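Please look over the structure below before reading the briefing.

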Amino acid sequence: MEGFNLKNTFFSCITIIVLILSMLFFYEPAQNLLCSFAIFERFLINTPRVCSLFDTTRLSRYKGVDGGKIYLSILGIVFDVTEGRRFYGPGGSYSGFSGRDASRSFITGLFDEENLTDHVSDMDPNDLIGLDTWINTYKKKYKEIGKLIGRYYDSSGKETDYSKLVFEKIQSSKMAKVAKNEEMARYPSCNIEYVQENQKSKVWCTKLSGGIQRNWIGVPRKLQSLDENGKLSIRCACVQLDTLSKTELMHINEYEDCDVNATTCYVKIS
């Protein structure tokens, strides 16, 4: 008799769980069974009854129509932007972002089909850093509620290879920008002015040239360095000769017809 009661209790519990899952599925339609269990788990730990996984069809329903909620995605991360209804709701200036992942448009500012996409791996480093800035801004202002299944996250919510590639590019771009800023602080750009009379450019150094305030002036030199795209570039930089190492001197060249200690030179810049 005791075994019979345990069996009934077990099946009763299963029935209750199935009923709760069914109710949650009705409350927030889900695209697969995994999503239903995610809702159930959130229900048990008293968190918002919203499945953390979205497919494109489900996300497209949240455009704020008839006063409904407004969700959008950036690089596969879904945010609730309902508080910004006047911007993201129907007729709002940013309504093109709602109910989809239009990461590329955040940078280009264009809302045609070519740009209303989450494909960004081909974008320039500065653009990728811009997207990272957008994500951090949204995390501070709006609630992050889930992930979008597709290019960035798979059906179980795990990061895809594409997502890893993009975020690795973002990280490397940020590191390159830091390195570039350090380079600009050590080798500020020269002031440059084209002189029509002799068809040469005047390059000169001051304590504010390159927008870098400092307590030294330096002398103009041709500096070889890598730009943000990893390509070799040459620019005029103001340098402190007595602080340069042998390794640094390998990337720095003098201008022709310019005195070694002159702070101003007239040179041809191609």
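Predicted model: local features only at pLDDT ≥ 70, side-chain atom pairs only at ≥ 80, totals over all residues.

Residues are numbered from 1 along each chain as its sequence is written, and side-chain values use heavy atoms, with hydrogens and water left out. Helices (H or I, at least four residues) and strands (E, at least two) are DSSP runs, numbered from the N terminus.

- Four strands make up an open sheet in the order 1-4-3-2, and its pairing is mixed; two strands are taken to pair if DSSP finds at least two bridges between them.
- Strand 1 (53-54) and strand 2 are the edge strands of this sheet, each pairing on one side only.
- Two bridges join strand 1 to strand 4 (residues 143-148) in the parallel sense, and Leu53 has Lys147 of strand 4 as its bridge partner.
- A three-stranded open sheet has the order 5-6-10 with antiparallel pairing, and its edges are strand 5 (191-195) and strand 10 (264-267), each of which pairs on one side only.
- Strand 5 and strand 6 (residues 200-204) run antiparallel and are joined by five bridges, with Ile192 standing opposite Val203 of strand 6.

**Helix 6**

- Helix 6 (residues 125-141) has 17 residues and spans 25 Å from its first C-alpha to its last, close to the 24 Å expected at 1.5 Å a residue; the expected span is 1.5 Å times one less than the number of residues.
- Its buried residues are Pro125, Leu128, Ile129, Leu131, Asp132, Ile135 and Tyr138, where buried means under 20% relative accessible area, exposed over 50% and partly exposed in between, with a 1.4 Å probe and protein chains only.
- As background to such a pattern, an α-helix has 3.6 residues a turn, so residues three or four places apart point the same way.
- The buried residues of helix 6 pack against strand 2 (71-74), strand 3 (77-80), helix 4 (85-88), helix 5 (103-108) and helix 7 (161-186), and contact here means heavy atoms within 4.5 Å.

**Nonpolar cores**

- The largest nonpolar core has 24 residues, and those with the most contacts inside it are Leu72, Ile74, Leu75, Val81, Tyr88, Val120 and Tyr138; a core is a set of buried Ala, Val, Leu, Ile, Met, Phe, Trp, Tyr and Cys residues joined through side-chain atoms within 4.5 Å.
- Strand 2, strand 3, helix 6 and helix 7 each supply at least two residues of this core, and helix 6 gives the most, with four residues.
- Leaving aside neighbours within four places in sequence, Leu72 is in contact with residues including Ile77, Val78, Phe79, Val81, Tyr88, Phe106 and Tyr138.
- A second, separate core of eleven residues includes Val203, Cys205, Tyr255 and Val267.

**Disulfides**

- A search of the whole structure finds three disulfides, a disulfide being a pair of cysteine sulfur atoms within 2.5 Å.
- Cys190 and Cys236 form a disulfide with their sulfur atoms 2.1 Å apart, and it is left-handed because the torsion about the S-S bond is about -80°.
- This pair links distant parts of the chain, since Cys190 lies in the loop between helix 7 and strand 5 and Cys236 in strand 8 (residues 232-239), 46 residues apart.
- Cys190 is buried at 9% relative accessible area, and Cys236 is buried at 6%.
- Cys205 and Cys238 form a disulfide with their sulfur atoms 2.1 Å apart, and this link is left-handed, with -100° about the S-S bond.
- Cys205 lies in the loop between strand 6 and strand 7 (219-226) and Cys238 in strand 8, so the pair ties together parts that are 33 residues apart in sequence.
- Cys205 is buried at 5% relative accessible area, and Cys238 is buried at 0%.
- A disulfide also joins Cys258 to Cys265, with an S to S distance of 1.5 Å; Cys258 is buried at 14% relative accessibility and Cys265 at 2%.

**A buried loop residue**

- Thr117 is found in the loop between helix 5 and helix 6 and counts as buried, with a relative accessible area of 17%.
- Not counting residues up to four places away in sequence, Thr117 touches Asp101, Ala102, Ser103, Arg104 and Arg151.
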